[in-house]
Amino acid sequence: MMKKQVLTGIKPTGRIHLGNYIGAIKPALRLAENVSYNTAYFVADYHGLTKVHDQHEMKELSYGVTAAWLALGLNPDRAIFYRQSDVPEIFELSWILACFAPKGIMNRAHAYKSMVEDNQNSGREADAGVNMGLFTYPILMAADILLFQTELVPVGKDQIQHVEIARDLAENFNKQYGETFVLPEYIIQEETSVLPGLDGRKMSKSYNNTIPLFEEPKKLQKLINKIKTDSSTPEEPKDTESSVIFSLYKEFATSDQVEEMRGRFQGGIGWGEAKKELFGVMNSFIEEPRSKYKELMANPHLLDSILQMGAIKAREKTIPFMKEIKRKIGI
Ligand code: TRP
């Protein structure tokens, strides 16, 4: 049986937070362990460049994403693990795909559209603060995906539209030149597809409401205490489904612990107590990866060499495929 190709990337625009872990890294790691898949995971540094314009920050954040994947258990001998900027074929393809991307689709892409709306609501010019990298972001992402003949893309809900755009561009190209690109599909974590942040909005670097995954215990506890809860008294039964505390607890506890906690929610548990329990399971889960993460961050040469090995493996696929693509377009 042919193995299915899985691919996903994380852009280095902030420290890895719980939303990244639960929405993307955790499901991706599960797929990496499954023998029926080939997996390719990468640090989307050129996507990060649409926002991060400081040399040191770019370096630090890229290493941060790399160390996070590895500390959480990604095995670079099994998955192809690389830095986007080390695989130049992605950029060649990005230009080619740009020539098959109707501008109207880019106008409708969520990230761009919401910036335009923000600008308009605050009386600025529609495109204020929008660089072309941001505008064409979905095209580069389509190149990431299509160059590896990706079938499945594990992503958070906010990235569904991007995967659909990749499909559209693949179809446009295939229509013209015959079957070339595989049409990718997304997979999302249904239950926790959009994780609420500290303020109840989606957990996102842009809202500054995240819980960094590798936070030190004291700080972690403080952040957990900040999670918004309702004003019910400890005795009142609490709804598990709508509770951020409960949905986070589920991610880190054993199934027995989850059932026990469900009972305590129904029977009445104070929010302070529930938060303490959440901190307990989270902290014991994260203890080991956190120290591994720190070790890796102190050894950037090791990170570089792992990524370079990954780029070599990636290019064994991308160089020949790029040749074929160029032949098809007559270049
Ligand atoms: N846009 C994704 C995000 O912000 C990151 C990303 C870049 C990506 N290229 C990708 C995800 C390709 C999946 C596949 O989360």
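**Note on the ligand site and salt bridges**

1. A polar side-chain atom of Lys11 is placed 2.8 Å from an oxygen atom of the ligand. The model is predicted, so this distance and those below are to be taken as computed values. The protein covers 91% of the ligand's accessible area, which is 370 Å² for the ligand on its own.

2. Two further side chains make polar approaches to nitrogen in the ligand. An N or O atom in the side chain of Asp144 lies 2.8 Å from a nitrogen atom of the ligand. For Gln159, a polar side-chain atom is likewise 2.8 Å from a ligand nitrogen atom.

3. Which residues are closest to the ligand? They are Lys11, His47, Tyr137, Asp144 and Gln159, out of 14 residues that surround the ligand. As for location, the ligand sits in the largest pocket.

4. The shell can also be read by secondary structure. Strand S1, residues 4–10, and helix H8, residues 137–146, each supply at least two of its residues. Helix H8 gives the largest share, with four residues.

5. By residue class, eight members of the shell around the ligand are nonpolar, four are polar and two are charged.

6. Turning to salt bridges, the count comes to twelve, taking a side-chain nitrogen of Lys or Arg within 4 Å of a carboxyl oxygen of Asp or Glu. One of them joins the side chains of Arg83 and Asp304, with 3.2 Å from N to O. Arg83 belongs to strand S3 (residues 80–83) and Asp304 to helix H14 (residues 300–329), so this pair ties together parts 221 residues apart in sequence.

How values were computed: Residues numbered from 1 in each chain as written. Predicted model: local features only at pLDDT ≥ 70, side-chain atom pairs only at ≥ 80, totals over all residues. Heavy atoms only, no water. Near = heavy atom within 4 Å. Polar contact = N/O pair within 3.5 Å; in protein donor to acceptor, adjacent residues only side chain to side chain. Areas by Shrake-Rupley, 256 points an atom, 1.4 Å probe, with all protein chains shown as cover. 1 Å grid on protein atoms, 1.4 Å probe; cavity = no way out; pocket = protein on both sides within 12 Å on 5 of 7 lines; lining within 4 Å. Sits in = over half its atoms within 2 Å of the grid points. Nonpolar A, V, L, I, M, F, W, Y, C, P; charged D, E, K, R; others polar.
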